[in-house]
Amino acid sequence: MKVAVVRFPGSNCDADAWHAARDAGHDATYVWHRSTDLEGADVVVLPGGFSYGDYLRAGAIARFSPVMQAVAAHAGAGRPVLGICNGFQILCEAGLLPGALARNAGLSFVCRWVTIRVEATDTPFTASYRAGDRIRAPVAHGEGRFVADEATLDRLERERRVVFRYVGDNPNGALRDIAGITNEGRNVVGLMPHPERAMHALLGSADGAAVFALTAGT
Amino acid sequence: MRFRVRIRITPRVGILDPQGQAVEHALASLGFGGVGAVRVGRSIELALEAGTEAEAREAARRMCERLLANPVTEDFALDGVEPAA
């Protein structure tokens, strides 16, 4: 599949995402945030980093980049979009996912390995996992505490749209231990941990590789 | 007409404000007793061309809704909308 990794000014996990897609056998390309089309991509990845220096709020300004209209159209057509860390923040700011990522409860920037559990396997990015699988992956963020009002949280739970949940160690105080969610159409997924940094056992974990498997039919 | 607009953005009540908590603890450790409910937000000032004060106010409100504040986590208030000197 053709995977487009969007680069914003301040993205810094773009190369990791690109390599993760390539390692999974896909044709990966970079798309600059000023671009107004996704060059025929099947799958879009919004990578981690600090787009626009996190000014105002993380993701608040990147959501107005020209490319985001194409990303919204791609998502609206039911095609896969993955937002990792800053990419998740951008998807929430853009309204493509509900809720928001607020300042970590402990105030400090967290940079460590965490364990998350796969809660839903009917998304393009979790189809290669089994429900309950545990993934070891790093987090690295200052604003990763998922928040939403109670009605939204209840709805996410009811519709099984919590895709990943922290196990044991919730690094940021996210409500209901939420590490990642999906949209109503289940084609847009955002998560705070970095599966693209958990691609090789040599680097600590290969648990993230299946996120990029993107098996046919998704 | 040119207006000066002052916008105050605060964490929504009920949303954990770790910055406010940290400042509250620091004030307590400095010996300032009886301090509570500290919330840390931000203030934005801008100059704006508009026909009337009501128009300036409306434009600022739309800026807050679309960009300056996140409706999930933050509240905003227009602290001042005054003709620029």
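**View 1. A:Leu107 lies in the loop between S5 and strand S6 (110-118) of chain A.** Helices (H or I, at least four residues) and strands (E, at least two) are DSSP runs, numbered from the N terminus. Residues are numbered from 1 along each chain as its sequence is written, and chains are lettered from A and ligands numbered from 1 in the order in which they are written. Please keep in mind that this is a predicted model: local features need pLDDT of at least 70, side-chain atom pairs count only at pLDDT 80 or more, and totals for chains, interfaces and linings use all residues. A:Leu107 has a positive phi of about 70° although it is not a glycine. Most residues other than glycine have a negative phi. A:Leu107 counts as exposed because it has 12 C-beta neighbours inside 10 Å. Here a residue is buried if 20 or more other C-beta atoms lie within 10 Å of its own, exposed if 12 or fewer, and partly exposed in between, with C-beta atoms placed from the backbone.

**View 2. A:Asp54 sits in the loop between S3 and H2 of chain A.** This residue, again not a glycine, has a positive phi near 60°. Is A:Asp54 buried, exposed or partly exposed? With 19 other C-beta atoms within 10 Å, A:Asp54 is partly exposed.

**View 3. Nine strands of chain A form an open sheet.** Follow the order S2-S1-S3-S4-S11-S10-S9-S6-S7, in which the pairing is mixed. Two strands pair if DSSP finds at least two bridges between them. At the edges are strand S2 (27-32) and strand S7 (134-141) of chain A, each pairing on one side only. On average, neighbouring strands of this sheet are turned by 25° against each other, direction ignored. Helix H2 (residues 67-76) of chain A packs on the sheet and touches strand S1 (2-7), S2, S3, S4 and S11 of chain A. The direction of H2 makes about 125° with that of S4(A); axes are lines fitted to C-alpha atoms, for helices over the stretch in contact, and angles run from 0 to 180 degrees between N-to-C directions.

**View 4. S4(A) and S11(A) pair in the parallel sense over four bridges.** Look for A:Gly83, whose bridge partner in S11(A) is A:Gly190. Strand S11 of chain A also holds A:Leu191, which counts as buried because it has 29 C-beta neighbours inside 10 Å. Which residues does A:Leu191 contact, leaving aside its neighbours within four places in sequence? Among them are A:Ile84, A:Phe88 and A:Val163, where contact means that the C-beta atoms of two residues, placed from the backbone, lie within 7 Å. The C-alpha atoms of A:Leu191 and A:Asn86 are 9.1 Å apart, although 105 residues separate the two along the chain.

**View 5. Helix H3 (residues 86-93) of chain A is largely enclosed by the rest of the structure, because eight of its eight residues are buried.** The buried residues of H3(A) include A:Asn86, A:Phe88, A:Ile90 and A:Glu93. What covers the buried residues of H3(A) includes strand S3 (43-46), strand S4 (81-84), strand S5 (100-102) and strand S11 (188-191) of chain A. After H3(A) comes A:Gly95, with a positive phi near 80°.
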